[in-house]
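Student: Could you take me through one part of this model closely, namely the strand pairing, and then set it in its surroundings? I would like the cut-offs spelled out along the way.

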Amino acid sequence: MLEKSLISNNNKPSGLSTGWLALIIIVAVIIADQLLKIWVKTSFYLGEDYPITSWFQLKFIENNGMAFGMELWNKLVLTFGRILAVGVFIWFLWKIKDVKSIRKGFFISVALITAGAAGNIFDCVFYGVIFNNPLPPETAVLFPPDGGYSTWFEGRVVDMIYFPLFDFYWPEWMPMIGGKYYEFFAYIFNLADSAICIGVALLIFFYSKDASLAFKALGKEELKSSELK
């Protein structure tokens, strides 16, 4: 009875299936992320910013896509780790797509995380080959005739979304930090990063029970498959 209540192909409501919904979200986020990155890369010089409001700007920066400035071999490990993670997420979504007890919001959350992880892979794998890297104030060229600024898997991740909500100088009388400049939320990120954060937040605050159901159903299916062999 439990298996029938968890997994069913016959009693699903009509409409867009969860599998197609997840696929559409993944493709849409990746396309939007890459279009924005390509536009910023070819329209802004490195370090240029465009104020939209007093607390929201587009500011073009790049990073190696690695934590703590790790060396090249660690970057390759990170890139291939991301590729493996995206593959695992897609496999996971495919295996649980017919579990009717799981709400669509859970599939949306996992799809956002998958798309975000995939979005930054494109930068690392391709951008070093398809873009040049001119000095400011020149902007980069897509498919430059003289070749890219690096090689495969050595591209830099493009970031641009910047929310300088407020800033101030700490009072002089404060020990250690007195007189130092402080900017609240100084991080600059991209759409792929946003998708990951939103997906994780949705899972934590709204769909933790659905995650338990998904892993329970996945475990039952894997057990059934092993028994058939």
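Tutor: Happy to! Let us begin with strands β1 and β2 (residues 56-63), which run antiparallel and are joined by four bridges. Strands here are DSSP runs of E with at least two residues, helices are DSSP runs of H or I with at least four residues, and both are numbered from the N terminus. Two strands pair if DSSP finds at least two bridges between them. Within this pair, Asp49 has Lys59 of β2 as its bridge partner. Two residues lie between β1 and β2, and the two strands form a hairpin.

A word on the model before we widen the view: it is predicted, so local features need pLDDT of at least 70 and side-chain atom pairs count only at pLDDT 80 or more, while totals for chains, interfaces and linings use all residues. Residues are numbered from 1 along each chain as its sequence is written, and side-chain values use heavy atoms, with hydrogens and water left out.

At the β6 end, strand β3 (residues 157-162) runs antiparallel to β6 and is joined to it by two bridges. There, Ile161 is bridged to Phe189 in β6.

Now for the surroundings. The protein chain has six helices and six strands, and from the N terminus on they follow the order α-α-β-β-α-α-β-β-β-β-α-α. Of its 229 residues, 35% count as buried (under 20% relative accessible area, with exposed over 50% and partly exposed in between, using a 1.4 Å probe and protein chains only).

Among the helices, α4 (residues 104-130) and α5 (residues 191-205) have axes that come within 7 Å and cross at roughly 155°. Axes are lines fitted to C-alpha atoms, for helices over the stretch in contact, and angles run from 0 to 180 degrees between N-to-C directions. α4 and α5 are therefore roughly antiparallel to each other; angles over 145 degrees count as such, under 35 as roughly parallel, 65 to 115 as roughly perpendicular and the rest as oblique. On the α4 side, the contact (heavy atoms within 4.5 Å) includes Phe106, Leu112 and Ile113, and on the α5 side it includes Ile196, Ile198 and Leu202. By class, this contact of α4 with α5 has 12 nonpolar, five polar and one charged residues. Here Ala, Val, Leu, Ile, Met, Phe, Trp, Tyr, Cys and Pro count as nonpolar, Asp, Glu, Lys and Arg as charged, and the others, Gly among them, as polar.

Helix α2 (residues 18-43) also meets α4: their axes come within 8 Å and cross at roughly 35°. The contact of α2 with α4 has 15 nonpolar, five polar and four charged residues.

Arg103 sits in the loop between α3 (72-96) and α4, and is partly exposed at 45% relative accessibility. Beyond its neighbours within four places in sequence, Arg103 is in contact with Phe206, Tyr207 and Asp210. Gly147 is found in the loop between α4 and β3 and is partly exposed, at 30% relative accessible area. Not counting residues up to four places away in sequence, Gly147 touches Val129 and Asn132.
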